[in-house]
Amino acid sequence: MTTPMQAPTSGAKGADSAAGAGAARRRSADQVQDILIVDDHPLMCDALALTLKISFGRKTVRTARSLAAAVEQIRTHGAPDAVILDLNLPDARGAEGIVTLRRQLPDVPITMISADLENAMISAAMAAGAQGYIAKSLGREALVDSLRRMWEGERITPEGYEPEAAGSEEDARAELARRFATLTPQQMKILRLICQGKANKEISYELSIAEATVKTHITAIMSKINARRRTQAVLLANSVRLFEPG
């Protein structure tokens with residue numbers, strides 16, 4: 001069920017989490033000068049870039065139309081000071097985007113932006129390491145305020161959001177997301193195909209690699225995420241909303 005989006009809130013729980021997740025890298029929003037926007041909609045990218053330049057006077061606003069383009073841009077041009085990441089991209093839907101970028105940018109605040117305000121998806125994104133989660137329909141003033149607070153260390157979620165997990169369960173989900181973040185790009189592709197029900201032979205054909213190589217990667221995947229069989233790997237991926245159906 002979709003939660004109506006008004007002004008985002010940090011809440012008592014969010015503020016406490018920020019103390020643990022963001023205190024060590026707390027900074028002033030004015031220090032954020034280089035921002036990467038990852039969104040496949042040109043109009044959305046342009047609107048966000050213009051808002052950032054007008055409201056914050058940012059010198060550098062980069063854009064990428066896909067997760068792969070964002071990864072390559074970070075590799076080529078270095079880490080930005082902050083990232084605004086669309087939940088659903090042509091090559092990544094669900095928590096895969098945040099999991100992948102968190103591996104590259106362990107200390108950079110990443111804001112998820114989406115029209116999907118389902119509690120389960122917000123919980124998955126926050127557990128995977130998002131600094132905050134905001135709606136694409138958010139007004140300009142609320143958007144600017146939310147970004148400023150996130151860049152200063154707060155964890156921001158939509159008003160009315162209620163975490164699906166609490167305490168040790170929330171910690172376990174975050175730890176699982178960190179384990180998924182250790183997968184290589186090729187292993188992530190293979191896991192995505194496993195979750196789609198593909199057999200090793202089909203994965204081998206689709207990725208143009210030997211079936212023996214697929215098996216080697218699967219063994220590594222199972223070890224990294226602590227799964228004993230394929231069905232368990234799929235359940236674990238689904239539990240953190242790693243891959244969403246297109």
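The structure is a predicted model, in which local features need pLDDT of at least 70 and side-chain atom pairs count only at pLDDT 80 or more, while totals for chains, interfaces and linings use all residues. Residues are numbered from 1 along each chain as its sequence is written, and side-chain values use heavy atoms, with hydrogens and water left out.

**The whole chain**

Of the 246 residues, 50% count as buried, where buried means under 20% relative accessible area, exposed over 50%, and partly exposed in between, with a 1.4 Å probe and protein chains only. Among contacts with a separation of 6 or more, 73% join residues 24 or more positions apart, a contact being heavy atoms within 4.5 Å.

**Helix H3**

Next select residues 67-77, which form helix H3 and whose buried members are Leu67, Ala70, Val71, Gln73 and Ile74. They cover an arc of only 165 degrees around the axis, so they lie on the same side of H3; the arc is that of the directions from the helix axis to the C-beta atoms. An α-helix has 3.6 residues a turn, so residues three or four places apart point the same way. Now show strand E1 (34-38), strand E2 (60-64), strand E4 (88-89), strand E5 (92-93) and helix H4 (96-104), against which the buried residues of H3 pack. On the face turned away from this buried side, look for the exposed residues Arg75 and His77.

Just after the helix, select Gly78, which takes a positive phi of about 95 degrees.

Move on to Gly94, in the loop between E5 and H4, which is buried with a relative accessible area of 1%. Its C-alpha atom is separated by 7.9 Å from that of Ala125, although the two residues are 31 residues apart along the chain. Not counting residues up to four places away in sequence, Gly94 touches Leu87, Asn88, Met121, Arg241, Leu242 and Glu244.

From there, select Arg241, found in the segment after helix H11 (230-239) and buried at a relative accessible area of 16%. Leaving aside neighbours within four places in sequence, the contacts of Arg241 include Gly94, Ala95 and Glu118.

**Ser114**

Ser114 lies in strand E6 (residues 110-114) and, at 3% relative accessibility, counts as buried. A polar atom of the Ser114 side chain lies 2.9 Å from the backbone nitrogen of Asp116. Beyond its neighbours within four places in sequence, Ser114 is in contact with Leu87, Tyr133, Ile134, Ala135 and Lys136.

**Helices H8 and H10**

Finish with helix H8 (residues 185-195) and helix H10 (residues 211-225), which pack at an angle of about 90 degrees with their axes 10 Å apart. That angle makes H8 roughly perpendicular to H10, a description that covers 65 to 115 degrees. To see the contact, show Gln186, Gln187, Ile190, Leu191 and Ile194 of H8 together with His217, Ile218, Ala220, Ile221 and Lys224 of H10.

Definitions and conventions
Helix = DSSP H or I, 4+ residues; strand = E, 2+ residues; numbered from the N terminus. Polar contact = N/O pair within 3.5 Å; in protein donor to acceptor, adjacent residues only side chain to side chain. Axes fitted to C-alpha atoms, helices over the stretch in contact; angles between N-to-C directions. Parallel < 35°, antiparallel > 145°, perpendicular 65-115°, else oblique.
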